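Welcome! Here is a short briefing to read with the model open beside you. Take your time and find each residue as it comes up.

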Amino acid sequence: EDGVQWSLGFRSEAEVSSFGVQLILARWAQADARELEEGLMLQDISLGAVSGDSMMVEPGCVVCVRFAIWLEGDTGRGSQGKMIHSNTDPKDESLEFVQGLGMVMTGLDDGCLGMSRGAKRRIVVPPQMGYGDVGLGVSIPPRVTLVMEILLESVRLCDPQTLQHHILSKGLNALPPSP
């Protein structure tokens with residue numbers, strides 16, 4: 001089969017990001033029921049693996065991330081809505097959690113799997129992997145799809161003392177886990 005090659009030009013990093021958001025949301029809008037039931041839709045923005053650092057997130061690793069969360073748009077499936085939370089400003093504290101302990105919503109927990117330090121990923125989180133039928137306060141209504149952008153700042157093995165600390169303070173500095 002003959003392949004088709006094409007390229008796009010962008011004037012700014014913001015245009016590149018906007019285009020990426022539109023691509024994943026268009027794919028989400030076209031997903032069939034089986035794909036929607038399977039869970040997350042991932043889009044790697046950059047692969048990370050900062051020189052010589054090839055450790056990838058796996059269950060039990062301590063993960064440190066910066067992120068932004070948007071509601072899926074109110075114009076229907078496949079559009080990006082308003083931002084509801086972000087810790088991307090350098091003065092904000094990074095979010096640290098142990099992958100697989102349920103310290104954060106399932107979508108964020110699972111969405112980090114396989115990432116390496118410096119990687120950036122966009123994920124579409126269906127309600128069952130976000131805040132389900134309950135929502136979260138006034139900012140996240142029930143049964144809403146979320147769009148997240150994650151930057152993995154660091155990943156390390158979890159020593160027993162750190163693991164004990166995180167278990168005892170489960171969710172203290174994390175997004176509330178899914179209900």
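How many bridges join strand 5 to strand 6? Six bridges join strand 5 to strand 6 (residues 146-156), and the two run antiparallel. Please keep in mind that this is a predicted model, in which local features need pLDDT of at least 70 and side-chain atom pairs count only at pLDDT 80 or more, while totals for chains, interfaces and linings use all residues. Residues are numbered from 1 along each chain as its sequence is written, and side-chain values use heavy atoms, with hydrogens and water left out.

**The overall plan**

- The protein chain has four helices and six strands; helices (H or I, at least four residues) and strands (E, at least two) are DSSP runs, numbered from the N terminus.
- Followed along the sequence, the protein chain shows the pattern α-α-β-β-β-β-α-β-β-α.
- Of the 179 residues of the protein chain, 41% count as buried; buried means under 20% relative accessible area, exposed means over 50%, and partly exposed is in between (1.4 Å probe, protein chains only).
- Contact means heavy atoms within 4.5 Å. Among contacts in the protein chain between residues at least 6 apart in sequence, 70% join residues at least 24 apart.
- The protein chain has an accessible surface of about 10100 Å², and 54% of this belongs to carbon and sulfur atoms. Such areas come from the Shrake-Rupley method with a 1.4 Å probe; for residues, only the protein chains shown count as cover.

**Strand 5 and its partners**

- Strand 5 (residues 120-125) has five of its six residues buried, so it is largely enclosed by the rest of the structure.
- Strand 5 pairs with strand 1 (residues 41-46) in the antiparallel sense, over five bridges. Two strands pair if DSSP finds at least two bridges between them.
- Follow Ile-123 of strand 5 to see both pairings: Ile-123 is the bridge partner of Leu-42, and the bridge partner of Ile-123 in strand 6 is Met-148.
- Arg-122 also lies in strand 5, and it counts as buried at 3% relative accessibility.
- The side chain of Arg-122 makes two polar contacts to look for: one with the side chain of Gln-43 at 2.4 Å, and one with the side chain of Glu-149 at 2.8 Å. A polar contact is a pair of N or O atoms within 3.5 Å; within protein, one must be able to donate a hydrogen and the other to accept it, and residues adjacent in sequence count only if both atoms are side-chain atoms.

**The nonpolar cores**

- A nonpolar core is a set of buried Ala, Val, Leu, Ile, Met, Phe, Trp, Tyr and Cys residues joined through side-chain atoms within 4.5 Å.
- The largest core has 31 residues, and Val-65, Phe-97, Met-105, Leu-108, Cys-112, Leu-146 and Met-148 touch the most other members.
- Strand 2 (62-72), strand 4 (95-98), strand 5 and strand 6 are the elements that give two or more residues to this core. Strand 2 gives the most, with six residues.
- Apart from this core lies another one, of six residues, including Met-41, Ala-68, Trp-70 and Val-124.
- Setting aside neighbours within four places in sequence, Leu-146 has contacts that include Ile-69, Trp-70, Ile-84, Met-105 and Ile-123.

**Cysteines**

- Cys-61 is buried, with a relative accessible area of 1%, and Cys-112 counts as buried at 0%.
- The count of disulfides comes to zero, where a disulfide is a pair of cysteine sulfur atoms within 2.5 Å.

- Asp-109 is found in helix 3 (residues 106-111), and it counts as buried at 5% relative accessibility.
- A polar atom of the Asp-109 side chain lies 3.0 Å from the backbone nitrogen of Gly-100.
- Leaving aside neighbours within four places in sequence, the residues in contact with Asp-109 include Phe-97, Val-98 and Gly-100.

**The loop between strand 5 and strand 6**

- Pro-141 is in this loop and is partly exposed, with a relative accessible area of 35%.
- Beyond its neighbours within four places in sequence, Pro-141 is in contact with Leu-71 and Gly-135.
- Arg-143 lies in the loop between strand 5 and strand 6 too, and it counts as exposed at 58% relative accessibility.
- Arg-143 has a positive phi of about 55°, although it is not a glycine.
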